[in-house]
Amino acid sequence: GLEKKHFKNAKETIEKIEESDNPNSIFYSENKIISLELPKAYNFTQYIPANNYIFELRNDDNLNIFISEVEKIQNKELSEVVSADQPSYIANFNKYSNQSNISEFDLGGSKAYSYSFHYLDSKTKVAYYLQTIWLEKNDKYYILDIEFPLDSLSENSKIINDVLNSIIIN
């Protein structure tokens, strides 16, 4: 049957209807352009996106998924944009380390780019792993940030593949 679930943050509620016998939950961006189907076992709560994000999922284990959207820069390859953005983005984080190289991979017939690094959350003093993935579709760039505490890397590394295998951008 169908269940109504209400996910809240301090400001607003997102209502989601899902099949109760489906082992997955489907989450949509407010504009319905992005959808993610992820196992219910992650216990994600969808939030009204803050900052520049168009999509935000979090769980109680500090596993977080943020997606932002920016206009495509004309006459620039996505690889150039990612290479230019990576140093300035990482510099926003306190005490970062283990910065990876940018890797290129195929996602649904399109090129995508990814890199990761570790950072120390200045408030909680918890070390995090952050994977950043850039996709290009419909004259826009979509930037996915998937982060979780570094000490849960082995349990949570599967989330990156789950996201990449289920993301749909219309």
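Colleague: Quick one to start: is E71 buried or exposed?

Modeller: E71 counts as exposed because its relative accessible area is 53%. The cut-offs are under 20% relative accessible area for buried, over 50% for exposed, and partly exposed in between, with a 1.4 Å probe and protein chains only. Keep in mind that this is a predicted model, where local features need pLDDT of at least 70, side-chain atom pairs count only at pLDDT 80 or more, and totals for chains, interfaces and linings use all residues. Residues are numbered from 1 along each chain as its sequence is written, and side-chain values use heavy atoms, leaving out hydrogens and water.

Colleague: Which side chain does E71 meet in a salt bridge?

Modeller: That's K140, at 2.4 Å from N to O. A salt bridge here is a side-chain nitrogen of Lys or Arg within 4 Å of a carboxyl oxygen of Asp or Glu. The pair links distant parts of the chain, 69 residues apart: K140 is in strand β12 (residues 140–149) and E71 in strand β7. Strands are DSSP runs of E with at least two residues, helices are runs of H or I with at least four, and both are numbered from the N terminus.

Colleague: How many salt bridges are there by this rule?

Modeller: Four. One of them joins E136 and K72, at 2.9 Å from N to O. Those two also link distant parts of the chain, being 64 residues apart, with E136 in strand β11 (residues 127–137) and K72 in the loop between β7 and α1 (78–90). E136 is partly exposed because its relative accessibility is 26%, and K72 is partly exposed at 24%.

Colleague: And what does K158 form a salt bridge with?

Modeller: With D162, the closest N and O atoms being 3.0 Å apart. They're four residues apart in helix α3 (residues 158–166), so about one helical turn separates them. K158 is partly exposed at 47% relative accessibility, while D162 is buried, with a relative accessible area of 16%.

Colleague: Switching topic, where is D61?

Modeller: D61 is in the loop between β6 (53–58) and β7 (64–71). D61 counts as exposed because its relative accessibility is 54%.

Colleague: Last bit, the overall picture. How many helices and strands are in the chain?

Modeller: Three helices and 13 strands. The chain has 170 residues, and 41% of them count as buried.
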